[in-house]
Amino acid sequence: MSNTSTMTDQIRVLVAKPGLDGHDRGAKIVARALRDAGMEVIYTGIRQTPDMIAEAALQEDVHVVALSVLSGAHLELFPRVVNACRERGITPENTLFLGGGIIPDEDADTLKETGFSAVFGPGAHTGDIAEYVRAHVPELDRS
Amino acid sequence: MTTETARTTNTQLSGRLAELEQRLLDKDRRALARVLSWVESGDQRGREMLRALYPRSGRARTIGLTGSPGAGKSTVTNELAKAFRQRGQSVGIVAIDPSSPYTMGAILGDRVRMTELYSDSDVFIRSLASRGALGGLSAATQDVVHVLDAYGKDVILIETVGAGQDEVDIAGAAQTTILVNTPNMGDEVQTLKAGIMEIADVLAVNKSDLPGADRMVSALKALLSLNPDRGWDPPVVRVVATQGEGTDKLVNACDAHFEELQSSGRLETAELERARQQITALARANVLRQLHSADGEERLARLARDVASRTSDPHSAAAVWLAGS
C-alpha cells in the first residue's frame with residue numbers, strides 16, 4: 001500500500017529515436033537502466049519525427065527527453081526535436097534534454113548550446129546517466 | 001437512519017489552479033498533461049483540480065481492453081482509436097504497463113504501437129505505470145479517466161496491464177470491456193478457469209490469420225454458452241489488428257453493447273457500481289494511511305505488546321486500533 005500512495009517525485013523519462021536509423025539497442029539499454037533506477041520510462045520506438053517526439057513529451061508530461069541517434073545526423077535532428085518541443089512550451093528550463101550516440105566532443109558542445117544539458121557517448125555508464133537525471137531533475141522549473 | 005450527503009463544497013479554485021483549469025477547459029493539452037500528473041501522483045493540487053472538474057465528467061464513453069501480454073491490446077487500441085476518429089469523435093487513451101515491484105521503475109511501451117496517432121491532436125495518449133496496484137490498472141486510473149472526460153474526450157480507451165486470469169478491475173472501470181485473445185493461447189482449460197472470461201462484454205480473437213483461429217473462436221463460443229444469462233451475449237469477433245481487418249465489426253460490437261446498456265438501464269446501475277467501488281477503494285486507502293501514520297504506528301506498537309502479553313486478544317486490539325484512527 002505504501003507504494004501506491006504518494007509518488008509525487010516519480011521521475012518520468014521519454015526515450016526516443018528520431019530519424020531513420022533503426023539501431024535501437026543503445027536506447028533500449030538506457031531505457032532498461034533508467035527503469036532499474038526506479039524511473040518510469042516511456043519508450044516510443046524507432047523512426048520518430050521531431051513532432052512525434054515533442055507530442056509524446058507533451059502528453060506524457062515527462063521530466064526528461066532522452067534522444068538517441070547513431071546515424072551521425074545528431075546535429076541535424078537533435079535541435080529540431082528541441083525546437084518542436086519549444087513550440088509546445090517544453091523548454092530546457094522545465095525539461096531535461098539528453099543526447100546519446102556516437103557524438104564527437106565538439107558536436108556535444110554545439111548541442112549544449114541548443115538546449116541539451118548533457119550528451120552521453122559510447123562507453124558512458126548507464127549508472128552515470130541515471131545519477132545525472134536524479135541530480136538535475138530537481139533543478140527544473142515544474143511549477 | 002440518518003441520510004448522508006457528500007455535496008462537494010467550494011469547487012472554486014483560486015489563483016494558479018483556476019488559471020490552469022481554464023486552460024484545460026480551453027483544450028490546452030499541456031495543461032491537461034500537467035493536471036494528469038498531479039492526479040496520478042496523489043498531489044493535493046490534483047485532488048483540488050479533480051473536485052472542480054468532476055461535475056463536467058460523465059459524458060465520455062469508456063471502453064476497456066484487456067488480455068494477456070502480447071495478445072495485441074495496444075494494436076487493437078490503435079485501430080479502435082482510428083475508427084472513432086473517423087467518426088469525428090475525439091479520443092483519449094490510457095495505457096497501463098506494470099511497475100517493477102523491486103524498484104518501482106517501469107517501461108511504458110504501449111505507444112510503440114500507436115505512433116500513427118501522434119499527429120492527430122484530437123487523440124491524447126497517456127501511459128501509466130501500475131505503481132503497485134494488482135488488478136491490471138493503477139490506483140489513479142479512474143481519476144485520470146475522469147479528467148480526460150471533463151476535458152471533453154468523447155471516447156476513452158483504457159488498456160490494462162497484460163492480464164492473465166484474475167486481473168478484472170477493468171470491468172468495474174469501463175462501460176464496455178473487450179477481452180483480446182489470440183489463437184493457440186494454451187488449451188481450453190486455461191480459458192475455462194479464467195475469471196477474466198466472465199467480465200468480457202466483447203471478445204476479440206486477434207491475429208486470426210494464424211492457424212488455430214477457428215478453433216479458438218468456437219472454443220470461446222462454447223465457453224460463453226455456459227455463462228449465466230446476463231441479458232447480453234458477448235459476441236466473438238475475429239480481427240487482424242495489424243492489417244486493420246475486423247475493426248469495423250469490433251466497433252459495431254462495442255456500439256451494440258453500449259446500446260444494450262442504455263436500453264436495459266444497466267448503464268446507470270453500472271455507473272452507480274463504479275462510484276461505489278471508487279469510494280470504497282479510496283476510503284480503504286485513507287483508513288490504511290491513517291492507521292499507518294506515526295500516531296497510528298505508536299498505538300499499534302502498544303496494542304501489539306498487550307496482545308503478545310495476553311492482556312488483550314487480537315480481535316479486540318484490532319477494534320481498538322480501528323476505532324481510534
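**Exercise 1. Helices H12 and H13 of chain B**

Task: In this predicted model, determine which residues of H12(B) and H13(B) meet, and state how the two helices are oriented to each other.

Solution. Step 1: list the residues on each side. H12(B) contributes Arg299(B), Leu300(B), Leu303(B), Asp306(B) and Val307(B).

Step 1: Seven are nonpolar, none is polar and two are charged.

Step 2: examine the geometry. H12(B) spans residues 294-308 and H13(B) spans residues 314-323. The helices pack at an angle of about 160°, and their axes lie 10 Å apart.

Step 3: classify the angle. Angles over 145 degrees count as roughly antiparallel. H12(B) and H13(B) are therefore roughly antiparallel to each other. Their crossing is right-handed.

**Exercise 2. Helices H2 and H3 of chain A**

Task: Describe how H2(A) and H3(A) pack, and decide whether they are oblique or roughly parallel to each other.

Solution. Step 1: take the angle and the distance. H2(A) packs against H3(A), residues 74-86, at an angle of about 45°, with 8 Å between the axes.

Step 1: classify the angle. Angles under 35 degrees would count as roughly parallel, and those from 65 to 115 as roughly perpendicular. H2(A) and H3(A) are therefore oblique to each other. The crossing in which H2(A) passes H3(A) is right-handed.

Step 2: name the contact residues. H2(A) supplies Pro50(A), Asp51(A), Ile53(A), Ala54(A) and Ala57(A), while H3(A) supplies Arg80(A), Val81(A), Ala84(A) and Cys85(A). By class, this contact has seven nonpolar, no polar and two charged residues.

**Exercise 3. A sheet with strands from chains A and B**

Solution. Step 1: write the order.

Step 1: inspect a pair within chain A. S1(A), residues 12-16, and S3(A), residues 64-69, run parallel and are joined by four bridges. In this pair, Val15(A) stands opposite Ala66(A).

Step 2: inspect the pair between the chains. S2(A) and S3(B) pair in the parallel sense over three bridges. Val41(A) has Ile107(B) as its bridge partner in S3(B).

**Exercise 4. Domains of chain B**

Task: Describe how domain 1 and domain 2 of chain B meet.

Solution. Step 1: locate the domains. Chain B is divided into domain 1 (12-56), domain 2 (58-265) and domain 3 (277-323).

Step 1: relate domain 1 to domain 2. Their centres, taken over C-alpha atoms, are separated by 27 Å. Twelve residues of domain 1 are in contact with eleven residues of domain 2.

Step 2: identify the main contributor. On the side of domain 1 that touches domain 2, H2(B) gives the most, with six residues.

Notes: Residues are numbered from 1 along each chain as its sequence is written. Chains are lettered from A and ligands numbered from 1 in the order in which they are written. This is a predicted model: local features need pLDDT of at least 70, side-chain atom pairs count only at pLDDT 80 or more; totals for chains, interfaces and linings use all residues. Two strands pair if DSSP finds at least two bridges between them. Axes are lines fitted to C-alpha atoms, for helices over the stretch in contact, and angles run from 0 to 180 degrees between N-to-C directions. A crossing is left-handed if the near helix is turned anticlockwise from the far one by less than a right angle, and right-handed if clockwise. Two residues are in contact if their C-beta atoms, placed from the backbone, lie within 7 Å. Ala, Val, Leu, Ile, Met, Phe, Trp, Tyr, Cys and Pro count as nonpolar, Asp, Glu, Lys and Arg as charged, and the others, Gly among them, as polar. Domain bounds come from an automatic or database domain assignment.
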